[in-house]
Amino acid sequence: MASEFDLIARHFTPAAPGPEAGVPLGVGDDCALLAPRPGMQLAVSVDTSVADVHFPGDAPAAVIGYRALAVSLSDLAAMGAEPRWCLMALALESDEEAWLADFASGFHSLCQTSGTALVGGDVTRGELAIGVTVMGEVPVGEALSRGGARADDVLAVTGVLGGGAGGLALWQRGERDLDHPLLARYLKPVPRLAAGQALRGLAHAAIDVSDGLLADLEHILAASGVGARLEREALPLATGLREVLGEAAAYRAALCGGDDYELLVSLPGHLLGEARRRLAGQGLMLTAIGTVRAETGVTGVDLDGAHGWQHFRGGES
Ligand SMILES: [Mg+2]
């Protein structure tokens, strides 16, 4: 394996960012120096993706690089933050230069399209795992947290649900066409960054659906001290999901499958139209799927059936 310094220099030293990137000093010193803009708060989050736990270790390297950053950026989206900077720590066993070059190309491509500057990194030998810290900016007082949902709010979700679980099922069956819509939703999720920013000032609470709709809804409900009623028939299932999983499993995937990286928001009913208009401008749907209630707990869906879905991670039976 080439030395750590060679690897970093070769693959993870992007061209010096321009002054608009807010990086007075980037990769190559002991620390990077960052310059947040006045009036902004920093939103910071870290996610670790482990091979064969969070993603298939035999997926293409460029996909693994893209996805590791995408799932971290999804947390910035859920706060309504604009991505600015990231740090990446990579453990890998392989000393294959070609693998690393592809991994870096996937990572850098999303850095570019999302406006995120890579400002530091670390490469060590170990089982394949990627830790990505993202830093974004949000105007003071405008971040979307989990704690603001109120009784009678509408619960709404961006895009479609169940695609992550559907894509995982397809991968486990041997499907390798990365352009298959469900496989793409699992392996190449699009963090809803513009949507999160557009929902600032409208949503009382927000979260990204990474652990499954029900699990993430429960985070909002717990933080807000409220409950919810869901409308099962309103859940926007990913196209083709019923055909791949069957009707009942498709709904379980939408409720509990995880890896969807859509945004779940709680907002006053009279603002739903405005929220939809803003997201329609981005080509994204926003679907009302239930309401917040003062009584705690979740009603409207079969939670026993949903619980059984947890076994899915171990493989399809
Ligand atoms: Mg999250």
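Student: Which residues does histidine 54 touch, not counting residues up to four places away in sequence?
Tutor: Keep in mind that this is a predicted model. Histidine 54 touches Thr48, Ser49, Arg67 and Tyr186. You will find histidine 54 in the loop between strand 1 (40–50) and helix 2 (61–79).

Student: Why is histidine 54 called partly exposed?
Tutor: Its relative accessibility is 35%. Buried means under 20% and exposed means over 50%, so histidine 54, at 35%, counts as partly exposed.

Student: Which residues does UniProt list for "binding site"?
Tutor: The unreviewed UniProt entry lists His54, Asp259 and Trp309. Aspartate 259 lies in the loop between helix 9 (247–256) and strand 8 (263–267).

Student: What makes aspartate 259 count as buried?
Tutor: Aspartate 259 has a relative accessibility of 8%. The cut-off for buried is under 20%, so aspartate 259 counts as buried.

Student: How do you know that helix 9 is mostly covered?
Tutor: Seven of its 10 residues are buried. Among them are Ala249, Tyr251, Leu255 and Cys256. Helix 9 is followed by glycine 258, whose phi is positive, near 80 degrees.

Student: Which residues of helix 10 are buried?
Tutor: In helix 10 (residues 272–280), they are Leu272, Ala275 and Leu279.

Student: Why do we say that the buried residues of helix 10 line one face?
Tutor: Seen down the axis of helix 10, they fall within an arc of 65 degrees, so they line one face of the helix. These buried residues pack against strand 5 (154–158), helix 6 (193–198), strand 8 and strand 9 (286–293). The face turned away from the buried side carries the exposed residues Arg277 and Ala280.

Student: What coordinates the magnesium ion?
Tutor: Asp75 (OD) and Asp208 (OD) do, at 2.0 to 2.1 Å. A donor atom must lie within 2.8 Å of this metal, so both aspartates qualify.

Student: What makes this a link between distant parts of the chain?
Tutor: Aspartate 75 is in helix 2 and aspartate 208 is in strand 6 (residues 205–208), 133 residues apart. Aspartate 208 is buried, with a relative accessible area of 3%.

Student: Where is arginine 185, and which residues is it in contact with?
Tutor: Arginine 185 is in helix 5 (residues 181–187). Leaving aside neighbours within four places in sequence, its contacts include Val160, Asp259, Asp260 and Glu262. The C-alpha atoms of arginine 185 and aspartate 259 are separated by 8.3 Å, although the two residues are 74 apart along the chain.

Student: What makes the pair of valine 160 and arginine 185 a polar contact?
Tutor: The backbone oxygen of valine 160 lies 3.0 Å from a polar atom of the side chain of arginine 185. The limit for a polar contact is 3.5 Å, so this pair is within it.

Student: How many disulfides are there?
Tutor: The count comes to zero. For cysteine 31, the nearest cysteine sulfur, that of cysteine 86, is 16 Å away. For cysteine 111, the nearest is also that of cysteine 86, at 4.1 Å.

How values were computed. Residues numbered from 1 in each chain as written. Predicted model: local features only at pLDDT ≥ 70, side-chain atom pairs only at ≥ 80, totals over all residues. Heavy atoms only, no water. UniProt positions renumbered as here; feature names shortened; annotations may be inferred. Helix = DSSP H or I, 4+ residues; strand = E, 2+ residues; numbered from the N terminus. Buried < 20%, exposed > 50% of the residue type's maximum accessible area, 1.4 Å probe, protein only. Contact = heavy atoms within 4.5 Å. Arc of directions from axis to C-beta. Donors = N, O, S within 2.8 Å, 3.2 Å for Na, K, Ca; no water. Polar contact = N/O pair within 3.5 Å; in protein donor to acceptor, adjacent residues only side chain to side chain. Disulfide = S-S within 2.5 Å.
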